[in-house]
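Trainee: Could we go through this model together, one topic at a time? I would like to hear how each term is defined as we meet it.

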Amino acid sequence: MKEKIYKLINQLYFEHDLMEEDLVYLLDNLEDETRTYLLGLAYDTRNNHYGKAVYMRGLIEFTNYCKRECKYCGINAYNKDAKRYRMSKKDILSTCSIGYKLGFRTFVLQGGEDPYFTDKRICDIVRTVKERFSDVAVTLSLGERSRESYKVMKMAGADRFLLRHETSNPDLYRWLHPFSSLDSRIECLHSLKYTGFQTGAGFMVGLPWYTNRDYARDLRFLKELEPEMIGIGPFIPHSSTSMKDYRPGSLDQTVLMLAILRLLLPKVLLPATTALASVDTRGRKKGLDAGANVIMPNLTPLRYRGDYSLYNNKKSTGSESAEALKMIKQELESYGYMADMSRGDSKMCD
Ligand code: 5AD
């Protein structure tokens, strides 16, 4: 049996592919030794394509208003305890300015699905950011919109868009989001790709009732979608949601998923996410060692930061000041990596 596992891992490494049945078999039968082998190959693969560089993205959480019903998320529309905020255009621009001076060349504008931010307002913000800071990439992460909306945002100058698929299991998707469907989510992802965005998808690890079959399907889904970026992190319960008593996803399972994704899509941009850093103090290092190559330090002004609470005990890797950024850089160096402040486009675009 061990021989078969090694064979499957080698196939992942050399061919960057594995069919669903084989992925299930692999996940069902990994042991310490074979797992270590797989993680090592993921580490090598990241090094071959990206070396020890870790791309830095300045995250700006610009609104926590949200009309959506996502059961797991602390800023869902039903959470009356959430203290809501919305940054003004001026606020967003001055945050970008701070980030730019610190050296960031990618800004990720992330928010809930906030109807205040119409296409027109978003486009205006994107256009102004791109005018003022001509050499930055703008990434948007603001949920589901029409193909037409994505198109005008792209035309306004946005470069990338993050929209996790959350889970590829349609029944669980419906349970987590009672008023929407996996199909419409996937349609959005196709629209984003079609529109020419560098697109990010991804899922949460450790959702209730998840099986290895589900993970294998998420992995296959991503392999076939071929996004430029993949965000995955453990599910972490939020005390003001109906999922407060569900168990969180584990560090090890998340790290394993990162490693397999690195092997399936060798050039993908793969963040060691905040959620991963939040479940365990070694989370970020373990993620990087398993093939991740991006981190997203938080630029959100401190007065808002606590209110962008998607899950409890969210780690705040702030970079609001040169001092805070220096600490992150030092942390990376202590693990043997180097912060890379450039735009950091996906090598899939080369
Ligand atoms: N635990 C982990 N991740 C979460 N997200 C939202 N709520 C949670 C939670 N409770 C993730 C979703 C979303 C991204 C912005 O944050 O995957 O797409």
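Mentor: Helices (H or I, at least four residues) and strands (E, at least two) are DSSP runs, numbered from the N terminus. This is a predicted model, in which local features need pLDDT of at least 70 and side-chain atom pairs count only at pLDDT 80 or more, while totals for chains, interfaces and linings use all residues. Residues are numbered from 1 along each chain as its sequence is written, and side-chain values use heavy atoms, with hydrogens and water left out.

Trainee: How many helices and strands does the protein have?

Mentor: Counted as such runs, the protein has 14 helices and eleven strands.

Trainee: What radius of gyration does the protein have?

Mentor: The radius of gyration is taken over C-alpha atoms, and the globule rule is 2.2 Å times the number of residues to the power 0.38. For 350 residues, a compact globule would come near 20 Å, and the protein agrees with that, having 19 Å.

Trainee: Which residue has a backbone N or O atom 2.7 Å from a nitrogen atom of the ligand?

Mentor: A polar contact here is a pair of N or O atoms within 3.5 Å. A polar backbone atom of Tyr72 is 2.9 Å from a ligand nitrogen, and a backbone N or O atom of Leu310 lies 3.3 Å from a ligand nitrogen. The residue with the 2.7 Å distance is Ile236.

Trainee: How much of the ligand's area does the protein bury?

Mentor: Accessible areas come from the Shrake-Rupley method with a 1.4 Å probe. Taken alone, the ligand exposes 410 Å², and the share of that buried by the protein is 88%.

Conventions:
Polar contact = N/O pair within 3.5 Å; in protein donor to acceptor, adjacent residues only side chain to side chain.
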